[in-house]
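Visitor: I would like to learn how to read a model like this one. Please take me from the whole chain down to single residues.

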Amino acid sequence: MFEARPAAKVNLTLEVGARRPDGYHELRSVFLRIGLADRLTVGPAPAGEGDQLTLSGLPVAPVEGNLVLRAMELLRRTVEPGLPGLHADLDKQIPIGAGLAGGSSDGAAALELAAAAWGLGLSPARRADLALALGSDVPFFAAGVPTALVEGRGEDVSQLPAVEGGAGVLLALSADPLSTARIFARYDEMAFQSAPGPTDALAAALGVGLSGEALADWAGNLRDANHLWAAASWLAPELLERRSALETATGRAWLMSGSGPTLFALYRSLAESRAAAQHLASDRPPVLRDVMLCATNLDDPQHAWREQWPTEP
Ligand code: C5P
């Protein structure tokens with residue numbers, strides 16, 4: 001049995017450029033891997049049976065089309081047909097359609113685990129190609145780096161040094177997913193004229209070494225560095241009030257991850273983000289009624305703290 005903890009990411013910046021002939025957009029984004037993680041195990045399916053996936057944890061989309069199964073099919077189709085069936089178990093802790101790329105991380109981990117279970121050696125170039133075929137966020141996770149400047153459609157991943165000494169992240173999760181494709185379509189309709197943002201300056205600062213405390217101090221500069229904010233808050237207008245309530249209650253800037261709807265704030269440490277989460281949970285403004293809080297660090301899934309999802313038993 002092979003096991004992994006596919007982690008979520010947040011985007012510290014997300015600058016969207018031109019729409020390309022293939023329909024995707026040129027991106028420039030600083031990705032930060034965080035401690036909130038799913039759990040994936042992969043082993044052989046019973047003799048004679050095809051690939052299988054069982055799901056547990058948070059509510060998820062149907063098994064069909066799940067990136068774990070698609071990763072196994074892709075390897076079978078492109079690397080070696082006729083491989084025996086695999087059984088995968090996925091315990092979801094990262095909500096879907098949240099802007100945290102949980103599904104993409106599961107897909108990257110499934111490529112690794114299925115290749116290991118089948119004893120396939122994948123070159124880095126092959127792994128990168130397969131990752132991009134699964135989705136634009138998958139190459140970041142397949143690269144196995146904690147922090148990166150991500151460009152192109154998502155395939156151009158330049159590793160940046162990890163945040164020194166780690167950091168705390170407080171996530172405000174929504175029970176209602178947002179479709180990335182819909183957000184990008186709305187972005188195009190809005191003909192948003194975006195000025196160049198702080199991506200290069202942040203990448204340069206990380207490049208020479210940034211502590212968690214210094215990163216938290218950057219948050220004010222990063223607050224408006226997500227070009228998808230206008231489209232996301234048009235499609236999910238509750239985000240406007242939600243962000244302002246979070247900022248009033250915590251006294252710090254809140255950012256949106258990816259195409260939303262997850263909002264997050266940066267702290268010096270897990271202890272600080274957890275204290276802020278518990279304070280918010282005990283004195284919750286009414287507009288934050290539908291939000292689930294999760295405090296995490298940058299690398300340790302064991303210590304992520306989150307509220308119960310409304311539909312969980
Ligand atoms: O690659 P992935 O399937 O994750 O992308 C989901 C959707 O997000 C795409 O269908 C596209 O609408 C949008 N997208 C984009 N430009 C990117 C990445 C994603 O327009 N670089």
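Visitor: What share of the 313 residues of the protein chain count as buried?

Guide: This is a predicted model. Burial is judged by relative accessible area, and buried means under 20%. By that cut-off, 52% of the 313 residues in the protein chain are buried.

Visitor: How many helices and strands does the protein chain have?

Guide: The protein chain has 10 helices and 13 strands.

Visitor: What radius of gyration does the protein chain have, and what would a compact globule have?

Guide: Set the value against the one for a compact globule with 313 residues, which would be near 20 Å. The protein chain has 19 Å, so the two agree. For the outline, take the box along the principal axes: the C-alpha atoms fill roughly 60 × 45 × 40 Å.

Visitor: Now a single residue. Is Ser105 buried or exposed?

Guide: Ser105 has a relative accessible area of 4%, so it counts as buried. Its place is in helix 2, which spans residues 102-118.

Visitor: Which residues is Ser105 in contact with, leaving aside neighbours within four places in sequence?

Guide: Ser105 is in contact with Pro6, Ala7 and Phe141. The Ser105 side chain reaches the backbone oxygen of Ala7 at 2.7 Å.

Visitor: Where is Asp89 found?

Guide: Asp89 is found in strand 6, residues 86-92. The relative accessible area of Asp89 is 35%, so this residue is partly exposed; that class lies between the 20% and 50% cut-offs.

Visitor: What does Asp89 touch, not counting residues up to four places away in sequence?

Guide: Asp89 touches Arg39, Leu40, Thr41 and Thr54. With Thr54 there is also a polar contact, side chain to side chain, at 2.2 Å.

Visitor: How far apart are Asp89 and Gln52 in sequence and in space?

Guide: Read both separations together. Asp89 and Gln52 are 37 residues apart in sequence, and their C-alpha atoms are 8.5 Å apart in space.

Terms used: Residues are numbered from 1 along each chain as its sequence is written. This is a predicted model: local features need pLDDT of at least 70, side-chain atom pairs count only at pLDDT 80 or more; totals for chains, interfaces and linings use all residues. Side-chain values use heavy atoms; hydrogens and water are left out. Helices (H or I, at least four residues) and strands (E, at least two) are DSSP runs, numbered from the N terminus. Buried means under 20% relative accessible area, exposed over 50%, partly exposed in between (1.4 Å probe, protein chains only). A polar contact is a pair of N or O atoms within 3.5 Å; within protein, one must be able to donate a hydrogen and the other to accept it, and residues adjacent in sequence count only if both atoms are side-chain atoms. Contact means heavy atoms within 4.5 Å. The radius of gyration is taken over C-alpha atoms; the globule rule is 2.2 Å times the number of residues to the power 0.38.
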